[in-house]
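The exercises that follow are meant for a reader who is meeting this structure for the first time.

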Amino acid sequence: MPTIIQSRPNFRHSSIYSKMTARNVFILIISSAIISLLLYNYGFNSPVHTPLGKLDLDIFQISEKAKELSSHSWEYGTIAETLLEVHNPELSVFSVNAFPADKVPSAFWADVQSLEYAHHFINASAITLADGEGSAADPCSLGVSAILLGQSDVEYLKAAQRQLNYLLTDVPRIDAGGISHLSEIAEAWSDFIAMVPPFMAYYAVVSSDIGLMDQTVQQVRFYRSLLRDPKTGLWKHILGPRNEDRGFWSTGNGWAAMGMTRTLATIRHWGPAANREQGRGWSVLAGWIKEIVDGAIAADDDKSGLLRNYINEKDWFGETSGTALIAASVYRMAALEPAIFGVKYVQWADRKAATVMKHVDRQTGIVSPVANPLGHGQRFPEMMGSSEGQSFVLMLYAAHRDYLK
Ligand SMILES: *[C@@H]1O[C@H](CO)[C@@H](O)[C@H](O)[C@H]1NC(C)=O
């Protein structure tokens with residue numbers, strides 16, 4: 001039998017051996033680089049995403065500025081909603097226990113900062129909850145507060161009912177369908193979605209009226225059909241004879257996204273509506289919110305890291321109001337509908353939130369640059385803050401905090 005001499009590598013052959021190893025390592029590195037690149041292009045971002053930690057904000061200072069800068073009904077209503085989300089999340093529609101035993105919760109108004117604030121601005125003996133200064137929709141922003149106050153003082157509940165009746169019967173209609181944003185002429189403003197549907201939905205709960213929930217989603221459907229741009233998914237600001245503005249105003253898109261988010265949360269967390277969500281076709285709200293967010297993300301390329309005042313127009317300044325409100329909506333939807341608003345959306349919201357944080361003045365609490373709420377077409381930003389801009393940053397804070405839970 002021939003003797004098989006095994007040639008085992010010894011010290012003398014080690015240079016060849018290490019060359020082969022080096023080549024293997026080289027091939028391994030190249031192929032993993034190619035695989036990573038392919039995965040990256042398919043959206044598996046590496047390195048692994050580190051979530052944004054709790055936002056560090058002086059809540060008291062920022063909300064005091066919001067109050068100081070407020071003088072209109074929608075600003076009061078927005079502050080009241082913000083205070084509820086920040087200080088009493090268990091009472092807000094985003095709580096899974098928003099409606100214990102399918103009822104609007106009872107809370108003693110003086111114990112709830114939001115209601116203590118709101119009751120100063122609600123006229124419980126008038127037809128509308130506040131002076132809308134020409135807007136039929138804006139006073140409705142105080143509607144949820146009025147209903148909550150109405151749990152201990154029936155005059156507030158009656159006031160909410162008068163407000164709703166006025167809205168449904170006296171306000172001009174657009175093309176015989178949508179309720180006008182204005183009280184004297186028929187105009188559709190994206191702002192409407194934050195003022196009216198969350199109030200109507202909440203009223204549907206307090207009056208246990210599924211039909212009213214239908215009407216609520218109908219109004220949103222109508223507004224979307226008018227204002228949505230099919231190409232980008234973004235909403236125009238205003239259609240109407242007096243104030244038409246076909247631009248994709250950032251804050252207006254935020255109003256629409258957050259108004260739909262609050263409406264969907266109300267449906268989800270109220271048993272009788274949640275049971276019917278699929279059958280009644282209310283689930284479409286999630287997709288409608290996503291259209292706006294997708295449109296904003298696609299046009300989010302300003303070097304400031306903020307969305308522009310008119311989202312898709314390169315010559316407009318980046319500003320914090322719309323950015324904060326849309327990012328807040330994303331966190332709320334990531335909690336409500338994680339299958340649609342997955343990690344890609346949360347990562348985007350994290351980046352926007354981190355950028356917004358850099359625009360909070362730590363001395364004064366002022367958030368800037370912001371759009372001028374009374375002059376959306378103003379070519380330069382407000383640097384002294386705006387009431388709603390202050391509120392939106394706190395809504396972002398609360399949405400992010402609740403998302404982390
Ligand atoms: C509240 O509304 C009533 C009825 O319209 C009016 O007479 C009253 O002056 C209003 N109160 C305030 C504080 O505006």
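**Exercise 1.** Find which helix gives the most to the lining of the second largest pocket, and describe that pocket.

*Solution.* The model is a predicted one. Begin with the lining of the second largest pocket, to which helix 14 gives the most, with four residues. The pocket holds about 190 Å³ of space, and among its 14 lining residues Phe 94, Ser 95, Arg 332, Ala 335 and Asp 402 lie nearest its centre. Sorted by class, the lining of the second largest pocket has eight nonpolar, three polar and three charged residues.

**Exercise 2.** State the volume of the largest pocket, and say which residues lie nearest its centre.

*Solution.* The volume of the largest pocket is about 380 Å³. Its lining is made of 22 residues, and those nearest the centre are Trp 74, Ser 135, Asp 138, His 181 and Trp 189.

**Exercise 3.** Describe how helix 10 and helix 13 are arranged relative to each other.

*Solution.* Two packed helices are described by the angle between their axes and the distance between the axes. For helix 10, residues 250–269, and helix 13, residues 284–298, the axes come within 9 Å and cross at roughly 160 degrees. Angles over 145 degrees count as roughly antiparallel, and helix 10 and helix 13 are therefore roughly antiparallel to each other. The crossing in which helix 10 passes helix 13 is left-handed. Turning to the residues that meet, helix 10 brings Asn 253, Ala 256, Ala 257, Met 260, Thr 261, Thr 263, Leu 264 and Ile 267, while helix 13 brings Leu 285, Ala 286, Trp 288, Ile 289 and Ile 292. By class, this contact of helix 10 with helix 13 has ten nonpolar residues, three polar ones and no charged ones.

**Exercise 4.** How many cavities of 30 Å³ or more are found in the whole structure, and which residues line the second largest cavity?

*Solution.* A search of the whole structure finds two such cavities of 30 Å³ or more. The largest cavity, with a volume of about 100 Å³, is lined by 13 residues, of which Thr 78, Ala 194, Trp 255, Arg 262 and Met 395 lie nearest its centre. Helix 10 provides the largest share of this lining, namely four residues. The second largest cavity has a volume of about 50 Å³, and its lining consists of Glu 81, Leu 84, Ser 92, Val 93, Val 144, Pro 198, Arg 262, Thr 263 and Thr 266. Two or more residues of the lining of the second largest cavity come from helix 3 and from helix 10, and the largest share, three residues, is that of helix 10.

**Exercise 5.** Describe the backbone at Asp 102 and at the peptide bond from Ser 368 to Pro 369.

*Solution.* Keep in mind that most residues other than glycine have a negative phi, and that most peptide bonds are trans. Asp 102 is not a glycine, yet has a positive phi of about 65 degrees, and this residue is found in the loop between helix 3 and helix 4. The peptide bond from Ser 368 to Pro 369 is cis, with omega near 0 degrees, and Pro 369 has its place in the loop between helix 15 and helix 16.

How values were computed: Residues numbered from 1 in each chain as written. Predicted model: local features only at pLDDT ≥ 70, side-chain atom pairs only at ≥ 80, totals over all residues. Heavy atoms only, no water. Axes fitted to C-alpha atoms, helices over the stretch in contact; angles between N-to-C directions. Parallel < 35°, antiparallel > 145°, perpendicular 65-115°, else oblique. Left-handed = near helix turned anticlockwise from the far one by under 90°. Contact = heavy atoms within 4.5 Å. Nonpolar A, V, L, I, M, F, W, Y, C, P; charged D, E, K, R; others polar. 1 Å grid on protein atoms, 1.4 Å probe; cavity = no way out; pocket = protein on both sides within 12 Å on 5 of 7 lines; lining within 4 Å. Points joined across faces, edges and corners; volume = space filled by probe spheres on them.
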